[in-house]
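Thanks for making time this morning.

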Amino acid sequence: PARRDYGLQGRSSLADGSGMLFIFDPAQPVLFARKTVPFPIDVIFVRADERVAAVLPLDAGHQFAASPGDVRWVVEVPGGWARRSSVTTGSAFTPPR
C-alpha cells in the first residue's frame with residue numbers, strides 16, 4: 001500500500017503507451033490524487049466485470065478523481081491517451097493474468 005500511494009510521484013514524464021496499473025482485491029471505492037505529478041494524466045477506473053467505469057483527467061485544474069463505485073483496477077496513463085485510444089466508459093479491459 002505505501003508504494004501504491006506513491007504512484008507516479010517523482011517522475012518527470014510518462015511515455016505515450018505506458019502507464020501504471022493498480023490492483024484492488026477486493027474491489028472497492030478509491031480516490032486518486034495527482035499530488036506532485038508535474039504532467040497531466042488520465043485515470044481509468046475499471047470494475048470487476050472488466051468494463052471501464054470512468055475515465056477522469058487529472059491536470060492543474062483537477063487534482064482528485066474518485067471512482068464511481070467499487071473498482072478492481074485503476075490505470076494511470078498520459079493525459080489525453082484515453083481519448084486518443086477511444087477508451088471510454090463501458091470499454092472492455094483485459095487485466096493481466
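Is F93 buried or exposed? Before I answer, please keep in mind that what you see is a predicted model. F93 has a relative accessible area of 16%, and because the cut-off for buried is under 20%, F93 counts as buried.

Its ring partner is W73: the two ring centres lie 5.5 Å apart with the planes at 45°, so this pair is described as tilted. The pair connects distant parts of the chain, since W73 belongs to strand 6 while F93 sits in the segment after helix 2, 20 residues apart. W73 is buried as well, with a relative accessible area of 8%.

Let me turn to the aromatic pairs in general, of which a search of the whole structure finds 4. One of them is formed by F32 and F45, and here the geometry is edge-to-face, with 6.2 Å from centre to centre and 80° between the planes. This pair, too, links distant parts of the chain, with F32 in strand 2 and F45 in strand 3, 13 residues apart. F32 has a relative accessibility of 9% and therefore counts as buried, and F45, at 0%, counts as buried too. Both rings belong to one aromatic cluster, which is made up of F22, F24, F32 and F45.

What does strand 3 pair with? On the one hand, 6 bridges join strand 3 to strand 4, and the two run antiparallel, with V43 standing opposite L56. Strands 3 and 4 form a hairpin with 5 residues between them, and E50 in the turn has a positive phi of about 65°. On the other hand, 6 bridges join strand 3 to strand 6, again in an antiparallel arrangement, and there I44 stands opposite V75.

Finally, the nonpolar cores. The largest has 17 residues, among which V30, F32, V43, F45 and V74 touch the most other members. Strands 1, 3, 4 and 6 are the elements that each give two or more residues to this core. V75, which we met opposite I44, belongs to a second, separate core of 9 residues that also includes V77, A82 and V87.

Definitions and conventions
Residues numbered from 1 in each chain as written. Predicted model: local features only at pLDDT ≥ 70, side-chain atom pairs only at ≥ 80, totals over all residues. Heavy atoms only, no water. Core = buried A, V, L, I, M, F, W, Y, C linked by side-chain atoms within 4.5 Å. Buried < 20%, exposed > 50% of the residue type's maximum accessible area, 1.4 Å probe, protein only. Helix = DSSP H or I, 4+ residues; strand = E, 2+ residues; numbered from the N terminus. Pairing = 2+ DSSP bridges. Phe/Tyr/Trp six-rings, centres within 6.5 Å; stacked < 30°, edge-to-face > 60°.
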